[in-house]
Structure formats: structure tokens, C-alpha cells
Amino acid sequence: MRAPVRQGIAPAYLFACLLLGGSGQGVWGPLLLQLAGVVLLGWSFWSAPPRPLGASARRLGWLMGAAVLLVLVQLLPLPPVLWTSLPGRAAAVENFRLLGEPLPWLPLSLTPYDGLSSALGLIPPLALLAAILRLGAYRTSWLGIAIGAGAVLNILLGALQISTGRYYLFPFSTVGSAAGFFANGNYLGTLLLAAIPFLAALTAHGLRERRSHRKRVGSLGLALGPLLVLVMGLVISKSMAALLLTVPVALASALLLIKPERGRWKIVGGLSLACMAIGLVAYAWLPAINDPNNAMSTGIRAHLYAKTAATAWQLFPVGSGLGSFPRVYALYEDPGVFFGAMVNHAHDDYLEIALEGGLPGVLILLGFLWWWLKRLVAIWRSPASTPFERAATIAAATILAHSLVDFPARTMAIAAVLATAVALMAEPREWRRAEGATAERRKARHVSLG
């Protein structure tokens, strides 16, 4: 396979995820992504990688393998003597008693069919990890372009939605705010935030390629247009969390454009203070911040978090199984508290992982966060790290931060962006080192006489 074709596989799949994986309400889009993901996974593990994976990539692989193994263990049938002794299974035992039925073999998961359905959603991000780390089927700049192009198309559709009140792609969508190819404007906001550091990385890459001062200024000028489009998309998404994260993400992304010289850090500090002041004034006037529905949502979430934490403790240490939150929460929610709709998620992915995954899920999550933190420090401390690697740390941090108040990574599109960022963090420079060493060895084998 020719190199440009091979290098376009992961960016093309990532772009497809941003257009087809915006909601679990979809059918054909997620199905196509899952089928293509199975092909990518099969190809990745059938063919040996061009070189052995580095230590950081192997650790990430072990963490992902542990997560998949946990899902499989949750679906394995257990004899009645085992599953009846687990926390939170008393209601199931009582139901069988009332029906007069003998206790059957049941899995650890309280909702195994929902668990299997949710497990299929892991295929696209795992396929991207495999395509980048094992196949090397990518080019970093093309991954950034795929995220930027997906963000722009989402904004265009979102602008059409908010101006006409139509063209929402899913039955249950946040009508009145821009959702793009998502069902919820919050996740459009997450994508746009993740696109900002990659836009900065593409600009920094262009500045390195252009030697003359005029061309460098032109590159900065060209970046302002897409940046303004992203900011406009953030405003029309009406996502309070995304709007609050805009200034920190923009400031962190600005660091990608400035060399760490003493004088320039003073400029960064001045710009940071100015951006913070402008941000505080702007937030005071943004409708999304002053919307009473957001204040009500904040109060509801406080109750939701407390109840989710209490339920997770009652099911500890085994958890209730992947994808079981809606049905399990309905069993434990307060009868006197009605939110006006079914609670489908905890709106805090960390609490939801604790409820569904129990102690194993928490340990895997802590292991991943520790791995991510170590890679973040290593990349930002290394003078050899590239803007794309640093952009990946910012994009991943954005999604992880938003997961404190929502569940963006449970959509295939945002999970694909997170997987891409994590893959770039896992093994950023070693592909190039291996290729460079191979080129040097090839040159050393030949002697030219002239």
C-alpha cells in the first residue's frame, strides 16, 4: 500500500466518526463505524507493527485490555450461589421468588444486553488507537485537519439548525441550540474546544515551514478565521461548560505558538490577563450563563451526584455492569424527586464509571489518569515535543474536564477524538526515530563514488 493512502486511513476514519458517531440514537451511522472499526482492529492485530511498541504505548494497551476484559467478565454467567451473594442483587432474587421461578445462572451485570450494546460503542476508539499505534496509518497534521474539518461542518449544520429550528438529526436533540451532527449542543462544544489546540498546532507547524516574516504573519492571519468560526460555534452551542472552558483552552493553545523564551513568556502573561478580563466580562453577558435552565440544571445535578455516589457505594465493589446506569438508578432514585424525564446518565462520567465498574473500574480509571498525567508532564517538559503532541494533551484534558459535569466520551465522535489525542500522547516521537534510524542505516549500506 502506498504511503499517502496508508497515512490517510486513521484521519479518514476519525473524520467519519465526527459525522456519523454523534449520538447513540443513530442506527446506520454507528453500525458503519463499528463494522469499519472491526476491520481496522483485525488488520491491526493480524499484521505485526513495523517495530515494537514503546513502554508508554504498551502501558496504555494493558489499560485498554483491562477495560475490555472487565466488560467481558461482567457478561459471563455465574451460578446462583455466586451472583445472589453480590451487593445489589436482592431485588432480582425477590422477583424470582415472587414469580415462583428457580434462580438461573446470571451474569455479574444487572443489564447484560445493555452492556453488550454499550460495549459495541468501544469499537471506534479502540480501532483508532490500533490504527495509530500498531499500523502507523496516520500523519499528525492530517489528524488535526480531520478534527478541524469535522468541527467546521458541525458548525455549519449547527448554524442552519439554530437559524431555522429544523434539520436536527435525532428525535431527542437540544432544539434551540446548535447541535450539528450531535444530539446535544454540549458535545458540539466539546468537539470545538478540542479543535482549538489542533488549530494552534497546525498554525505552529505552518510557521515552522515558512521562513520569511511575511509568510509567518500570513499564517497567523489565516488561523484567525477558523478560530473565529470555532468561537462562534461555541456561542451558538449554548454549552455552559464549554463556554467556561474556552479561555483556559485558548490560553493553553496559545502556548503552542510561542517559544519558551524569557521575554515571550511576559507577553503570554500579559495576554493571559487580558483574555481573562475579557472572558469575565463576556461571560456576564452570555445568555447560556444567565439562562435560568442552567441554574436549575446545576441544582438537579447536585442531587444526582449525591444519589449516584450513594448507589455506587451500595453496589461496591462489583458495580452494576456497563450501560446499566439508567435502569439501576431508577431502582434507587428518591420517589419524591422527579426531574421531568428519565435519568439516562449521571452527568459525571467518573461517578458513573464507579457505579457501573465498581472497584475494578475505578482502578482502571485511576491507572489511566496516572498514565495520562505522566505523559502530559513528559511531553511539556521535553524540548523535542511537537505542537501536535502538546495539542493532544490539551484536547484530552478538555474532554476529561468536561466529563466531570457530563458524559461526552460516551458518544463515538468524542471518544474518537479522545482516542486520537491519547494515541498521539502515547508514542509521539518514536515512530519518527525509528524511521530516521532506518533511513540512516539504508544510507550507510551504499557507497557512492563520483
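Among contacts between residues at least 6 apart in sequence, what percentage join residues at least 24 apart? After that, please look closely at the largest nonpolar core.

Reply: This is a predicted model, in which local features need pLDDT of at least 70 and side-chain atom pairs count only at pLDDT 80 or more, while totals for chains, interfaces and linings use all residues. Residues are numbered from 1 along each chain as its sequence is written, and side-chain values use heavy atoms, with hydrogens and water left out.

Of the contacts (heavy atoms within 4.5 Å) between residues at least 6 apart in sequence, 77% join residues at least 24 apart. The chain holds 20 helices and two strands, which are DSSP runs numbered from the N terminus, with helices being H or I of at least four residues and strands being E of at least two. Of its 450 residues, 44% are buried, where buried means under 20% relative accessible area, exposed means over 50%, and partly exposed lies in between, with a 1.4 Å probe and protein chains only.

In soluble globular proteins, nonpolar side chains tend to be buried together. Here the largest nonpolar core has 74 residues, a core being a set of buried Ala, Val, Leu, Ile, Met, Phe, Trp, Tyr and Cys residues joined through side-chain atoms within 4.5 Å. The residues with the most contacts inside this core are Leu14, Leu60, Leu191, Phe198, Leu230, Trp371 and Val417. Helix H19, which spans residues 412-426, gives the most to the core, with 13 residues.

Tryptophan 371 deserves a look of its own: leaving aside residues up to four places away in sequence, Trp371 touches Ser56, Arg59, Leu60, Leu63, Val422, Met425 and Ala426.

Another place to look is alanine 242, in helix H12 (residues 240-254), which counts as buried because its relative accessibility is 0%. Alanine 242 touches Gly189, Leu193 and Leu234, again not counting residues up to four places away in sequence. Between alanine 242 and leucine 188 there are 54 residues in sequence but 8.9 Å in space, taken from C-alpha to C-alpha.

By contrast, leucine 359, in helix H17, counts as partly exposed because its relative accessibility is 35%.
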